2 protein chains.
Amino acid sequence: MLTRGNPLGHAPGDVMAFDVGGTDIKGTLVSASGDLLDVVRVPTPRDGARTAEAVLDRVHELGKELSGRSPGLQAKAAGLVVPGIVDARAGVGVFSANLGWTNFPFRAACEERLGLPVAFGHDVTSAGVAEFELGAGRGFDDVVVIIIGTGIAGTVIAGGLPVTAGGYAGEFGHSLVPDPSGTGTDILESVGSAAAIARRYTRISGNAVDGAKGVLARMQAGDIVAGQVWAEAIDALSFTISACITVLGTEAVVVGGGLSEAGDELLVPLRRRVGERLTFQRRPQILQARLGQDAGLIGAALAARSLLAAGSGHA
Amino acid sequence: MLTRGNPLGHAPGDVMAFDVGGTDIKGTLVSASGDLLDVVRVPTPRDGARTAEAVLDRVHELGKELSGRSPGLQAKAAGLVVPGIVDARAGVGVFSANLGWTNFPFRAACEERLGLPVAFGHDVTSAGVAEFELGAGRGFDDVVVIIIGTGIAGTVIAGGLPVTAGGYAGEFGHSLVPDPSGTGTDILESVGSAAAIARRYTRISGNAVDGAKGVLARMQAGDIVAGQVWAEAIDALSFTISACITVLGTEAVVVGGGLSEAGDELLVPLRRRVGERLTFQRRPQILQARLGQDAGLIGAALAARSLLAAGSGHA
């Protein structure tokens with residue numbers, strides 16, 4: 001994770017960054033010299049149809065708090081990322097099932113509140129771009145970043161540019177995979193996500209478990225059902241990853257999100273299974289994400305810095 | 001198909017274009033005013049390790065023949081596209097299993113023979129870009145062009161740019177799909193290609209058949225096995241297409257190659273089956289390719305014209 005002493009490089013000014021999630025909003029300041037200050041979290045407000053407005057009110061307050069904590073910094077731009085379907089070009093949150101907005105003009109409304117130019121984008125795309133620019137994907141041109149947690153989503157970087165498709169790209173979790181029972185198809189998220197691993201273990205074994213981490217611990221202790229569920233998750237993930245490689249000629253697959261904290265227990269069998277599925281295709285590196293849970297926030301800061309650089313002629 | 005009277009628009013000069021296939025080499029001239037002249041074919045020479053050199057000798061002769069036929073035209077650049085793995089940026093044919101070359105410097109060698117600047121690329125990418133620029137994909141930003149013939153390959157256009165990944169992208173035919181027997185996985189090409197449709201029909205029915213066209217005719221005449229094989233091909237194609245849509249947020253899927261000549265017999269059930277596989281994803285248009293078998297050649301001409309425009313400051 002990037003922290004103090006691990007700077008992002010220089011920019012023409014200080015920036016703020018905000019990452020709106022389903023549970024909390026994270027905010028930080030990044031200095032012109034590239035220091036990422038402490039990350040502050042506040043709960044994400046829920047206010048029905050007014051949720052987007054309430055979120056921006058909270059972002060505004062958080063911005064004032066961040067500025068108050070660091071009186072030496074003066075943000076000249078901000079980055080804001082949100083979940084759901086996002087039209088980054090138009091500055092609009094098209095749809096969020098979880099947070100309940102439809103076609104909300106985040107960029108304009110946030111610029112008005114903060115009095116700053118705002119770079120607006122999608123949380124997962126932002127995390128993917130951050131991993132590409134500064135994390136495990138650095139140095140490659142064609143990268144797939146796949147974030148595996150409760151759900152599964154990701155970012156395709158093709159020829160050095162993120163594929164956004166008006167906000168519709170990257171829904172890896174909804175790719176079809178063969179059902180582990182061999183009787184049809186399922187979506188990847190229902191087999192390969194951290195949530196699915198726990199749910200499927202409990203369904204098959206009848207035992208409650210503390211998340212995918214608990215399933216992993218049981219597998220390591222010799223639990224056969226845990227081993228089966230874990231292997232089926234890897235099988236499903238390798239199916240979708242190999243499909244991406246085949247179509248996109250991917251050089252590096254960066255695996256992030258909660259499940260990636262399993263490290264080699266995930267990556268070693270995943271590399272093997274992807275390798276088994278490929279024939280003449282490119283053999284990509286399969287790497288653990290490096291920026292941790294703040295990747296989306298770091299991406300938002302990068303976008304704000306790009307805005308600043310472009311606007312001030314330092315691009 | 002673009003022909004005389006259906007011009008490509010103006011360019012700073014006349015260009016030559018060549019499309020090297022496994023069976024023949026096609027060549028044509030395109031005038032500065034955008035007229036595509038007659039397409040001339042010569043057999044692709046096979047000369048073991050010297051095949052790439054022999055191909056370029058034939059391209060050189062073909063160029064002279066084209067110039068002789070149209071003394072009013074004076075090509076100022078050429079476009080050359082070849083199959084296999086192609087590094088367009090480096091100007092190198094990395095590998096062709098069929099034509100037997102490895103790391104052959106096509107661009108430099110062709111420029112030397114023709115005495116012209118040469119735009120070098122991959123045949124399927126070139127066809128995809130042509131369909132995107134001038135054919136069924138025109139007007140969209142995020143397009144998948146899938147060419148279904150003996151094999152299956154294609155081009156992803158993301159945000160208006162082709163995804164090449166150093167020549168490794170677009171191998172749709174090698175994507176995994178559920179095996180029609182429900183017992184495992186197979187590659188798309190083994191179920192959904194024109195060649196596979198004929199082969200599988202013969203294997204299951206014991207009857208010889210005249211290609212996928214013959215299977216279609218039998219299906220229309222009420223042959224149950226033909227109907228089953230055709231439906232399984234569409235099922236497999238819809239699986240890979242829906243995976244692309246999910247990850248890439250595709251707006252339009254353009255279907256070309258020999259199998260696309262089946263028209264609505266292919267497209268209507270394919271649209272329905274893709275629709276059944278999608279939930280909240282973008283619903284792309286699924287369209288028949290418009291440029292026919294000369295799409296790759298047209299793409300080569302477009303690339304040559306771009307070179308000319310860039311070089312002469314008319315870009």
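## A walk through a predicted two-chain model

The side chains of D24(A) and R41(A) come together in a salt bridge, with a distance of 3.0 Å from N to O. This pair connects distant parts of the chain, since D24(A) belongs to strand β2 (residues 24-30) of chain A and R41(A) to strand β3 (residues 40-43) of chain A, 17 residues apart. The model in which this pair is found is a predicted one, and a search of the whole structure, over all chains, finds 26 salt bridges. Side chains of opposite charge can pair in this way when their charged atoms come close.

From this pair within chain A, the reader can turn to the sheets. In chain A, five strands make up an open sheet in the order β11-β10-β9-β14-β15, and their pairing is mixed. At its edges stand β11 and β15 (285-288) of chain A, each of which pairs on one side only. On average, and with direction ignored, neighbouring strands of this sheet are turned by 25° against each other. Within the sheet, strand β9 (residues 143-148) of chain A and strand β14 (residues 252-256) of chain A run parallel and are joined by five bridges, and in this part of the sheet I147(A) stands opposite G256(A), a residue of β14(A). Strands of a sheet pair through backbone hydrogen bonds, either parallel or antiparallel. Helix α8 (residues 264-277) of chain A lies across β14 and β15 of chain A, and the helix runs at about 165° to β15(A).

Three strands of chain B form an open sheet in the order β5-β6-β7, with antiparallel pairing. The edge strands, each pairing on one side only, are β5 (85-87) and β7 (101-104) of chain B. Neighbouring strands of this sheet are turned against each other by 15° on average, direction ignored. Strand β6 (residues 92-96) of chain B pairs with β7(B) in the antiparallel sense over three bridges; G93(B) stands opposite F104(B) in β7(B), while S96(B) stands opposite W101(B) in that strand. Together β6(B) and β7(B) form a hairpin with four residues between them, and in the turn G100(B) has a positive phi of about 75°.

Positive phi values also occur in chain B at residues that are not glycine. N103(B), which lies in strand β7 of chain B, has a positive phi of about 50° although it is not a glycine. Elsewhere, in the loop between β11 (161-163) and β12 (176-178) of chain B, the reader finds A165(B), a residue other than glycine whose phi is likewise positive, near 50°.

What remains is the interface, where 33 residues of chain A are in contact with 33 residues of chain B. The area buried between chain A and chain B is about 2700 Å², and carbon and sulfur atoms give 69% of it. Three residues, L176(A), V247(A) and F280(A), supply 22% of the area that chain A buries against chain B, which is more than any other three residues supply.

Between chain A and chain B the count is two salt bridges, and the side chains of R89(A) and D141(B) meet in a salt bridge with an N to O distance of 3.8 Å. Six residue pairs are found in polar contact across the interface of chain A and chain B, with both residues of each pair at pLDDT 80 or more. On the side of chain A that touches chain B, the elements that give two or more residues are β10 (152-158), β11 (161-163), β12 (176-178) and α7 (224-248) of chain A. The largest share of that side comes from α7(A), which gives seven residues. Sorted by class, the side of chain A that touches chain B has 17 nonpolar, 10 polar and six charged residues.

Terms used. Residues numbered from 1 in each chain as written. Chains lettered and ligands numbered in written order. Predicted model: local features only at pLDDT ≥ 70, side-chain atom pairs only at ≥ 80, totals over all residues. Heavy atoms only, no water. Contact = heavy atoms within 4.5 Å. Buried area = accessible area lost by both parts, 1.4 Å probe. Salt bridge = Lys/Arg side-chain N within 4 Å of Asp/Glu carboxyl O. Polar contact = N/O pair within 3.5 Å; in protein donor to acceptor, adjacent residues only side chain to side chain. Nonpolar A, V, L, I, M, F, W, Y, C, P; charged D, E, K, R; others polar. Pairing = 2+ DSSP bridges. Axes fitted to C-alpha atoms, helices over the stretch in contact; angles between N-to-C directions.
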